[in-house]
Amino acid sequence: MGIPSKQRHPLPVLAPNLAPRAKAWPTARAILLGLYRLTIVAAIVWIIHRHHVQIRIDADAPIRAGEVQPFLPQAASLKIDESDRLGLFVRDASGRDIGYVLRTAPISNGITGYVGPTDTLIVLGPDMRVVGISIRSSSDTAEHVEDVAHDDYFMKLWNGKTWDQVAGTDPKTAGIEGVSGASLTSLAIANGIQHRFQHSTQLAAREPHFRLGWADFGVLAVLAVALLFTFTHLRRRTWVRRAFQVVLIGYLGLWNGRLIAVSLLGGWAESSVPWRIASGLVLLVTAALLLPWTTRRAVYCSHVCPHGAAQEWMGRLVRVRLRLPPGVDRGLRWIALLLIAFAIFVVMIDWPVNLAAIEPFDAYSILHRIGGIATIAIAVGSLIAAAFVPMAYCKYGCPTGAILSFVRSHGKADRFGRKDIAGALLLMLTIALHVKYGIIHRWLFGA
């Protein structure tokens, strides 16, 4: 007697138990890839920021704990202070803050003595009062510098003074006399110390108050409409979308001019995010980065970018389409990555190159000022290209779009691919430029 057909294949009974496991891995993979990509971007931004804070504090001659020990014997390590004081916290072996240290260079390098500036070390105790100063290096006459360094009265003039007292004491008004035989050198040191403290005090005083201007409200209004296009059926109404694109080009691009660009992102990473004075733009950048990561929707590139809207219009005006050979297509896809690498190099080395010139966005500022020739040429050239190759600039040449696309999640379809390897390589480049900054900077600029 044969086995009933329903009993011949018992394996399908196990399928309900295996299905959840089969679905779990793609979901976990998508989450891990999303975290990996966000970590790559965050790590690059953090390294750029810390790198420039360190340059502003240490420049070409980092302060060592050994220099502080004559004044604070328990000094074991130093920690960067990212505030406007631009100094270093002094820590003991247990990691406890026991004081503070800063130098006059490079901020006071414009104050010269007989033949040059002097780099002075100032050490403060845990109560933020000066406990001593020392001369680190000087371009002044060696004999004059030595005379000043051995004048105990002059070298102890600042001991016991608070930060505000040093910043507010003009050496000439206070009657600080120069060291006999080295008056120019000693007065330059005194002025350099006062200028260094005053500089940080003025930076802190210029901290702007939070405010929202009409330009910010305009950016937020554009973002709100873009979100409607992204998450509702409004995007299916063609005439509404076309009208909104005109607003993007005319208002956000030509009139407002607050566009996301590599030069903007690099500047914010280098210094700080101006959330107090450009709140609308900060929120726009935040949405452009986080929404693709969390919702898989390219909000900025699809519904906000004026240059993207202009390319769409060019594509509709000209119906001729060019099909690029596969080899050309693959080659052109390297452009955006190479531009990102170039931007990282420029920002890390502090190379005086205008990064706005490698993208077309600055050309939209024509109502306020004339953009550079390079950015205008890129804008015009990319629009002409978009007439024959749909969204050519977005597809091949936009470094800003490549960054936003990198963090974008594709859900369960996500795979670790070439762009993830490229992200790791860019992080390695950033680290290498930080570690070898001195060598590369001297090779490029000779100093």
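The crossing of helices H7 and H8 is left-handed in this predicted model. H7 spans residues 214-231, and H8 spans residues 238-256. Their axes lie 11 Å apart and form an angle of about 155 degrees. H7 is therefore roughly antiparallel to H8, since angles over 145 degrees fall in that category. From H7, the contact draws on Trp214, Ala215, Gly218, Val219, Val222, Val225, Ala226 and Phe229. H8 contributes Val240, Arg241, Phe244, Leu248, Tyr251, Leu252 and Asn256. By class, twelve of the contact residues are nonpolar, two are polar and one is charged.

Strand S4, residues 118-124, is mostly covered. Seven of its seven residues are buried. Thr118, Thr120, Ile122 and Leu124 point one way from the strand. Asp119, Leu121 and Val123 point the other way. Both sets are buried.

S4 pairs with strand S3, residues 97-103, in the antiparallel sense. Four bridges make up this pairing. Here Tyr100 stands opposite Leu124 of S4. S4 is also joined to strand S5, residues 130-138, by seven bridges. S4 and S5 likewise run antiparallel. In this pairing, Leu124 stands opposite Val130 of S5.

Most peptide bonds are trans, and most residues other than glycine have a negative phi. A cis peptide bond, however, joins Ala105 and Pro106, with omega at about -5 degrees. Pro106 is found in the loop between S3 and S4. Met128 is partly exposed, with a relative accessible area of 22%. The residues of S4, by contrast, are buried.

A further positive phi occurs at Arg296, again in a residue that is not a glycine. The value there is about 70 degrees. Arg296 sits in the loop between helix H10, residues 279-295, and helix H11, residues 299-303. Its relative accessibility is 44%, so Arg296 counts as partly exposed.

How values were computed:
Residues numbered from 1 in each chain as written. Predicted model: local features only at pLDDT ≥ 70, side-chain atom pairs only at ≥ 80, totals over all residues. Heavy atoms only, no water. Axes fitted to C-alpha atoms, helices over the stretch in contact; angles between N-to-C directions. Helix = DSSP H or I, 4+ residues; strand = E, 2+ residues; numbered from the N terminus. Parallel < 35°, antiparallel > 145°, perpendicular 65-115°, else oblique. Left-handed = near helix turned anticlockwise from the far one by under 90°. Contact = heavy atoms within 4.5 Å. Nonpolar A, V, L, I, M, F, W, Y, C, P; charged D, E, K, R; others polar. Buried < 20%, exposed > 50% of the residue type's maximum accessible area, 1.4 Å probe, protein only. Pairing = 2+ DSSP bridges.
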